[in-house]
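Welcome! Let us take a walk through this structure together, stopping at a few places worth a look.

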Amino acid sequence: MPRTAIYPGSFDPVTNGHIDIIKRGLTLFDHIIVAILHNPAKKALFSISERIEMLEISLKDVGNIEIDTFNGLLVDYAAQRKANAILRGMRAVSDFEYEFQMALMNRRLNRHVQTVFLMTGLRWIFTSSSIIKEAAQFGGNINGMVPPVVNRKLAEKFAGRVKGA
Ligand code: PNS
């Protein structure tokens, strides 16, 4: 049986920290399904199709991955996809409580799905989609923190907005 993991998230947008986790995850798993949560109730900057496109372009040279969307419970999606692991990156102490809570709830919901954490690479420890969006919104330089396509898309989204406002 190939070892398949689900790497779930909002990916609004994908960052270099996410890409790093996916590439390192591929040393542990045969196949990774990058699963974007489709939650219309959660306000996002990018549409689902834009997020898929940015992931596809950013990961075009990476094999053994698939990009998909899901809604409802993550463990149900994992079971449906025959994945027995959920892959998550952990940045710092601030991530721990939320991740711990989520992993324990997921385990309670389905004991056959294991959550595997990888420590985020030191270079990406302070980055997140939210903080990158905030910097980009006010014209901050986010070069090197996101794949080039995301940098371009963010610039397009925020074009015309007042720099440093
Ligand atoms: O990138 P994010 O926003 O930190 O990802 C959060 C995500 C998508 C992993 C989480 O919200 C999720 O799994 N949502 C689906 C509903 C669910 O199963 N929640 C966890 C148990 S209640």
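Phe100 has a relative accessibility of 43%, so it counts as partly exposed. Keep in mind as you look around that this is a predicted model. Phe96 is partly exposed as well, with a relative accessible area of 43%. These two residues belong together in another way too: their rings form a stacked aromatic pair, with 5.1 Å from centre to centre and 20° between the planes. The word "stacked" applies because the planes are under 30 degrees apart. Why do Phe96 and Phe100 sit about one helical turn from each other? Both belong to helix α4, which covers residues 93–109, and they are four residues apart in it, so about one turn of the helix separates them. In the whole model, the count of aromatic pairs comes to three.

Now follow the chain past the end of that helix. In the loop between α4 and β5 you will find Asn110. Is this residue buried or exposed? Asn110 is buried, because its relative accessible area is 16% and the cut-off for buried is under 20%. Leaving aside residues up to four places away in sequence, Asn110 touches Val75 and Ala79. Val75 is 35 residues away along the chain, yet the C-alpha atoms of Asn110 and Val75 are separated by 6.4 Å. Asn110 also has a contact with His112: the Asn110 side chain reaches the backbone nitrogen of His112 at 2.8 Å.

The next stop is Thr120, in the loop that runs between β5 (114–119) and α5 (129–137). With a relative accessibility of 11%, Thr120 counts as buried. Which residues does Thr120 touch, if those up to four places away in sequence are not counted? They are Ile21, Arg24, Gly89, Met90, Arg91 and Ile125.

Finally, turn to helix α2, made up of residues 48–58. Its buried residues are Ile48, Glu50, Arg51, Met54, Leu55 and Ser58.

Key:
Residues are numbered from 1 along each chain as its sequence is written. This is a predicted model: local features need pLDDT of at least 70, side-chain atom pairs count only at pLDDT 80 or more; totals for chains, interfaces and linings use all residues. Side-chain values use heavy atoms; hydrogens and water are left out. Rings of Phe, Tyr and Trp (its six-membered ring) pair if their centres lie within 6.5 Å; planes under 30 degrees apart count as stacked, over 60 as edge-to-face and the rest as tilted. Helices (H or I, at least four residues) and strands (E, at least two) are DSSP runs, numbered from the N terminus. Buried means under 20% relative accessible area, exposed over 50%, partly exposed in between (1.4 Å probe, protein chains only). Contact means heavy atoms within 4.5 Å. A polar contact is a pair of N or O atoms within 3.5 Å; within protein, one must be able to donate a hydrogen and the other to accept it, and residues adjacent in sequence count only if both atoms are side-chain atoms.
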